[in-house]
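Let's take a walk through this structure together, starting with the whole chain and then zooming in on one pair of packed elements.

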Amino acid sequence: MGRSRARPADTTQRLQNVGRLLDLVGWTQTELATRSGLAIAYVNQLLTGRKKSPSLDALERLASAFLVSPSVLIDLRLSDSELRTELSQGALRAALADGISHAKFSRFRGTDEAPVTVVQIGLVNVGVTSR
């Protein structure tokens, strides 16, 4: 009498956050492929489920393109608001690492109004300063 294990989600469902993240940042699959260093065809196969199991390297590259951890890509419990928060925190970390800082950044943490890309952060306020 063995325990039955929950069947893992199919690939398309597991990677649905990638599609949701694409929508949030306004990128195409081609732009994601370019930013992640993956082939356009491979990204398309992952998102449509034709590629059944993405490699750990592919997950890490996709996560790096979005500036989030790989777990964000596969955690189906995350709401759109939580995905946006993950994106904005990654973009804020990247902006700070690039020497872009502003006292008003803290007001964006954890809000739906937070910029989700470094480019958007640069456009949010006049007076963004470099270190």
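Helices here are DSSP runs of H or I with at least four residues, strands are runs of E with at least two, and both are numbered from the N terminus. By that count, the chain has 8 helices and 2 strands. Reading from the N terminus, the order goes α-α-α-α-α-α-α-β-α-β.

A word on the model: it is predicted, so local features need pLDDT of at least 70 and side-chain atom pairs count only at pLDDT 80 or more, while totals for chains, interfaces and linings use all residues. Residues are numbered from 1 along each chain as its sequence is written, and side-chain values use heavy atoms, leaving out hydrogens and water.

Of the 131 residues in the chain, 38% are buried (under 20% relative accessible area, with a 1.4 Å probe and protein chains only). Now take the contacts (heavy atoms within 4.5 Å) with a separation of 6 or more: 62% of them come from residues 24 or more positions apart.

Let's zoom in on two helices. Helix α2 covers residues 16-25 and helix α7 covers residues 80-97; they pack at an angle of about 70°, and their axes are 10 Å apart. Those axes are lines fitted to C-alpha atoms over the stretch in contact, and angles run from 0 to 180 degrees between N-to-C directions. That makes α2 and α7 roughly perpendicular to each other, a label for angles of 65 to 115 degrees.

Who touches whom? On the α2 side, N17, R20, L21, L24 and V25 meet D80, L83, R84 and L87 of α7.

Terms used: Parallel < 35°, antiparallel > 145°, perpendicular 65-115°, else oblique. Buried < 20%, exposed > 50% of the residue type's maximum accessible area, 1.4 Å probe, protein only.
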